[in-house]
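Subject: Structure for you to look at

Hello,

Here is the structure I said I would pass on. My notes on what was found in it follow below.

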Amino acid sequence: MSSIRNAVQRRVHRERAQPKERQRLGLLEKHKDYSLRAKDFNKKKSQLRALRQKAADRNEDEFYFGMMSRKGPGNVLSQGKRWKGTVDGDRGNKAMDIDTVRLLKTQDVGYVRTVRNVTLKEIGTLEERVVGLGGSLDAQEEDADDDELFGGPRLAKPKKIVFSEGVEERNELLQQKAEKEADDEEDVEMEGDDAKDPKALRAERQQRLLEKLQRRLQSARKKLRILTRTEHQLELQRTKMAKTATSGNGVTKSGKKFKIRERKR
């Protein structure tokens, strides 16, 4: 009987394939695949719950003798009698959870954005004043870096060293330098006495004010670039700390670029 039953042609039951419009998502998941994935997820979830409970029930004053012979920074072996029982740099602070850190990042972004808006308004005001005085907005910027502008180390100006053969030649050079400085001061005083024209004085003051405004405008533009870059970095950090994947581009630790797909509208 079995041989006759197997001889009859039967219908071939095929598994359902992934539709063409969803082939970019890979193979269609079957129920057995979902069962394995759900079992693995629940197992990890229970392990995390157990570890979280174990960490909550941990005794902070717990002591065992292995702590006395451990190796690392700030132990009794390396510091001897000076050891106070704590690791170097340990202030007793507990690490904040990811939600708190993300909230603090949000506040930092808000502060940087506020300062950036204030700087942007200041740049607009300075540009109007420079244009009103007949200046150009396309002034060449200095070679100083942004770090040097805002609290960074400044490069010392080079000094000129003059060597002499003896004491007499040195005294002669010093005397010539003093005479030259005295002649320059006399020339400046004579020019000051001759230039008493009010129009010339007004033009000179206007030129000094224009140079001052251009320097302030250059400094404000550099500050705006730094604030814009800082805001972008903080926003990127806050986005990476989100619970779910958000739209945007990123780079993995190995340097591979990836792009998160957006939801269909």
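Predicted model: local features only at pLDDT ≥ 70, side-chain atom pairs only at ≥ 80, totals over all residues.

Of the 265 residues, 10% count as buried. The largest nonpolar core is made of 8 residues: Ile-123, Leu-126, Val-130, Leu-210, Leu-213, Leu-217, Ala-220 and Leu-224. Two or more of these residues come from each of helix H4 (98-132) and helix H7 (198-240), and H7 gives the most, with 5 residues. Lys-212 is also in helix H7. Its C-alpha is 9.7 Å from that of Val-130, although Lys-212 and Val-130 are 82 residues apart in sequence. Lys-212 counts as partly exposed because its relative accessibility is 47%, between the limits of 20% and 50%.

Salt bridges

Side chains of opposite charge can pair when their charged atoms come close. The whole structure holds 9 salt bridges. One of them joins Arg-113 and Glu-235, with 3.8 Å between the closest N and O atoms. Arg-113 is in helix H4 and Glu-235 in helix H7, so this pair ties together parts that are 122 residues apart in sequence. Both residues are partly exposed: Arg-113 has 35% relative accessibility, and Glu-235 has 26%.

Glu-231 and Arg-116 form another salt bridge, at 3.9 Å from N to O. This pair also links distant parts of the chain, with Glu-231 in helix H7 and Arg-116 in helix H4, 115 residues apart. Glu-231 counts as buried because its relative accessibility of 14% is under 20%, whereas Arg-116, at 23%, is partly exposed. A network of salt bridges links Arg-113, Arg-116, Glu-231, Glu-235 and Arg-238.

Arg-208 is partly exposed at 47%, as is Glu-204 at 43%.

Surface charge

A patch of negative charge on the surface gathers Glu-179, Glu-181, Asp-183, Asp-184, Glu-185 and Glu-186. Of these, Glu-186 sits in helix H6 (residues 167-194) and is partly exposed, at 47% relative accessibility.

Regards

Technical notes: Residues numbered from 1 in each chain as written. Heavy atoms only, no water. Patch = residues over 30% accessible without salt bridge, like charges linked within 9 Å, V, L, I, M, F, W, Y side chains within 5 Å. Areas by Shrake-Rupley, 256 points an atom, 1.4 Å probe, with all protein chains shown as cover. Salt bridge = Lys/Arg side-chain N within 4 Å of Asp/Glu carboxyl O. Lys, Arg positive; Asp, Glu negative; His and termini not counted. Charge placed at Lys NZ, Arg CZ, Asp CG, Glu CD. Helix = DSSP H or I, 4+ residues; strand = E, 2+ residues; numbered from the N terminus. Buried < 20%, exposed > 50% of the residue type's maximum accessible area, 1.4 Å probe, protein only. Core = buried A, V, L, I, M, F, W, Y, C linked by side-chain atoms within 4.5 Å.
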